[in-house]
Amino acid sequence: MSAIEKISLDQTELLRFITAGSVDDGKSTLIGRLLHDSKSIFEDQLSSITNTTRKRGMEGVDLSLLTDGLQAEREQGITIDVAYRYFATPKRKFIIADTPGHEQYTRNMVTGASTANLAIILVDARNGVLTQSKRHSFLASLVGIPHIVVAINKMDLVDYSQSVFEDICKDFAAFAEDLNLKNIVYIPMSALRGDMVVERGDQLNWYQGTTLIDLLESVSIEHDVNLDDFRYPIQWVCRPQTQDLHDFRGYMGRIESGSIQVGDDITLLPSGLKSRIKEIVMYEGTVKEAYAPQSVTLTIEDHLDISRGDVFVKTGDTPQVTQAFNAMLCWLSEQPLDPNRKYLIKHTARMVKAVVGQIDYRVDVNTMQHEATSTLNMNDIAHVSIKVQKPLVCDDYSRNRATGCFILIDESTNNTVAAGMIDSPNK
Amino acid sequence: MSSHTFTHLDALESEAVHIMREVAAECANPVLLFSGGKDSIVMLRLAEKAFRPGRFPFPLMHIDTEHNFPEVIEFRDRRAKELGERLIVRSMEDSIKKGRVVLRSEDQSRNPFQSVTLLDAIAEFEFDACIGGARRDEEKARAKERIFSFRDEFGQWDPKNQRPELWDIYNTRTHPGENIRVFPISNWTELDVWEYIARENLEVPNIYFAHTREVIRRDSGLLPVSHLVQPQDNEQVENIVVRFRTVGDMSCTCPVESDAANIIDIITETAMTRITERGATRMDDQTSDASMELRKKEGYF
């Protein structure tokens, strides 16, 4: 009986993860192995890649072909962008952000990592911790991925040696000390042979820890969202103005963090006006309490002037309301940063004009050294100060992802040119 | 704070509602595409969750190939009426009359030409955003497409030049004449859709359930007999119990042999099935390994 058959309706959680590594690390093979061994590959997909494997003059099934997407990529044997894959086990549903490992890696990995609960950083057991493993780890820490798995792959090519595994763990731990990485788990594996991915295999008996799939199924993600600080950016004001709902004003949005109950005192930002929660309206009816990341509709006791982009917080738990802040910025566009230009910043439900005032330093993602620069090119990561036209309601990204992140948009092309993480709102 | 069970369906629903509200707030003139199929039925419920007790801040629109199953069209009209929302129907027949679409034969699949009628309707109403029910698990070109997928003046998708999409901050901006396709259920799988239909107790057209139908076997699949599909020499008409996994153009939408008579049967069958939804049911996606990618580049949804 396949794993999928036992899925119980509506009782499984969702985990999003990213795989970081190059083709040479066996990343595509690992994803293929996860999909294959969890019975998530369909027959027609399998027969299609079996044919392709044969066409390329190879035998068996090349699982890495499963993640090849577009015609252009198949012709050139490369992957050009972030692809999303889905699979499920009886315990959880999974979304994989699969990012290719070539020169645009920074941009793609930051994109895939932005929504991830967990990152799998692949290390080739023959090579140990290389520059690129360090780069991937730095990016994972930059984006604040809550859980890290270091997958030490290709153990079959080092005779499943325990000492090779332990040396790599030691090296990685030493260099990760300087990074803000939490919850690191090390797993030895062979994605090609299937050891320690879904099945334990019989070659790694010295390893007492979990398989990769066991970890993915059991890692606690409840605290990945900030459960303390209520933040509620208004997306849409609902005023039906019908006969029976003549005076109804519902403030629609998603609870980005924390929770709220009927009767709670709230403050509207940036204005600072105060009120109290009257109702929490759901499609099915009203409820007494709601929590992140639910999308809800709130009504309040008082009649205030409220529009999109305003934020409800609990009175007494106030974030920064500021027109200037510092941030780590990842430049995504082929057009370099022009410090003389105004960009649009989109932060929660608000879009205003912004200027990148000063570049404090750029980070060399291979050495993590800081260096001076006057502009930013694609894939650059830098610490900058930003000024905005109207006050934003924000938190430090490390405390609250949802209210600490933003994008910059070039008004002339409408392209998304940068992604930012606020690290000190009040300077 | 007490602990809550926030299931995968809760997570997917909240994400989709958030996306719909972003479109409503930031786009000047959006439209929600509604075909009467299961994905768009889910989309309507999500729109209710996003905007009730208010009205939808956009009309519904169907691009009608006029090769649709009559049960689905009946359902489409009834559902729009029940919701009290405005339904726009634009027919491919008009595009054919205007000479915008030239068919080789009357019974040929019309799916490839839907994009012409869609682009004409977008121009007619000046829509800047079309909200659709496509999912990334359907096909490998879709797996690489953004939730907010930007199209140029010709409705074309350029897979190599997509806007980066980070966190849940969406860039909705367009220049005049350009538009965005928005896919709020990008992250749903076929199984998620059926589980949601069950959880929300949503009605779907009865051709999704097992029924006896006249079919012929052609190439690797079954084809429903209709005025568009008639048996050719040496093809036998058979009466078998089938159901549809997708509902589209009658000339190329293949039913699968199934005795799934209710939603729970369908969920069980979907969870166990070993063939992808499009692989099983769409002949037009099987012509080449990259057929969906090519159609999308031409402006297909």
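Good morning. I begin with a sheet in chain A: six strands form an open sheet in the order E2-E3-E1-E4-E5-E6, and the pairing is mixed. The edge strands are E2 (83–88) and E6 (184–188) of chain A, each of which pairs on one side only. From one strand to the next, the twist averages 25 degrees. Please keep in mind throughout that this is a predicted model.

Let us look at one end of that sheet. E2(A) and E3(A) run antiparallel and are joined by 6 bridges. Within this pairing, Ala83(A) has Asp98(A) in E3(A) as its bridge partner. Helix H1 of chain A, residues 27–37, lies across E1, E2, E3 and E4 (118–124) of chain A.

The secondary structure of chain A comes to 8 helices and 22 strands. Of its 427 residues, 60% count as buried. If we take the contacts in chain A with a separation of 6 or more, residues 24 or more positions apart account for 69% of them.

Chain B may be described in the same terms. Chain B has 9 helices and 10 strands. Its residues number 301, and buried residues make up 65% of them. Among contacts in chain B between residues at least 6 apart in sequence, 73% join residues at least 24 apart.

What do the buried residues form? As a general point, nonpolar side chains tend to be buried together in soluble globular proteins. In this model, the largest nonpolar core has 77 residues. Those with the most contacts inside this core are Phe17(A), Leu34(A), Ile152(A), Phe172(A), Leu212(A), Leu216(A) and Ile381(A). The core draws at least three residues from each of domain 1 (3–218) and domain 3 (320–423) of chain A.

Let us take Phe172(A) as an example. Which residues is Phe172(A) in contact with, leaving aside its neighbours within four places in sequence? They are Ile121(A), Val129(A), Ser137(A), Val150(A), Leu181(A), Ile184(A) and Tyr186(A). A second, separate core has 69 residues, and includes Leu14(A) and Tyr291(A) as well as Met20(B) and Leu202(B).

The next element is helix H4 of chain A, residues 105–113. How many of the 9 residues of helix H4 are buried? The count is 9 of 9, and the helix is described as mostly covered. Among these buried residues are Tyr105(A), Arg107(A), Asn108(A) and Met109(A). What covers the buried residues of H4(A) includes strands E1 (13–20), E3 (92–98), E16 (320–331) and E20 (381–394), together with helices H5 (131–143) and H8 (401–404), of chain A.

In the loop between E20 and H8 of chain A we find Asp395(A). Is Asp395(A) buried or exposed? Its relative accessible area is 7%, and because buried means under 20%, Asp395(A) counts as buried. Asp395(A) and Leu332(A) are 63 residues apart in sequence, and 23 Å apart in space from C-alpha to C-alpha.

Finally, I turn to the aromatic rings. The structure holds 22 aromatic pairs over all chains. One of them is formed by Trp331(A) and Tyr343(A), which are edge-to-face, with 5.8 Å from centre to centre and 80 degrees between the planes. Trp331(A) lies in strand E16 and Tyr343(A) in strand E17 (residues 343–347) of chain A, so this pair ties together parts that are 12 residues apart in sequence. Both Trp331(A) and Tyr343(A) are buried.

Phe51(B) and Phe58(B) form another edge-to-face pair, at 5.6 Å centre to centre and 85 degrees between the planes. Phe51(B) counts as buried because its relative accessibility is 1%, and Phe58(B) is buried with a relative accessible area of 3%. Returning to chain A, ring pairs link Phe230(A), Tyr232(A), Tyr251(A) and Phe312(A) into a cluster.

Thank you for your attention.

Note on methods
Residues numbered from 1 in each chain as written. Chains lettered and ligands numbered in written order. Predicted model: local features only at pLDDT ≥ 70, side-chain atom pairs only at ≥ 80, totals over all residues. Heavy atoms only, no water. Buried < 20%, exposed > 50% of the residue type's maximum accessible area, 1.4 Å probe, protein only. Helix = DSSP H or I, 4+ residues; strand = E, 2+ residues; numbered from the N terminus. Contact = heavy atoms within 4.5 Å. Core = buried A, V, L, I, M, F, W, Y, C linked by side-chain atoms within 4.5 Å. Domains from an automatic or database assignment. Pairing = 2+ DSSP bridges. Axes fitted to C-alpha atoms, helices over the stretch in contact; angles between N-to-C directions. Phe/Tyr/Trp six-rings, centres within 6.5 Å; stacked < 30°, edge-to-face > 60°.
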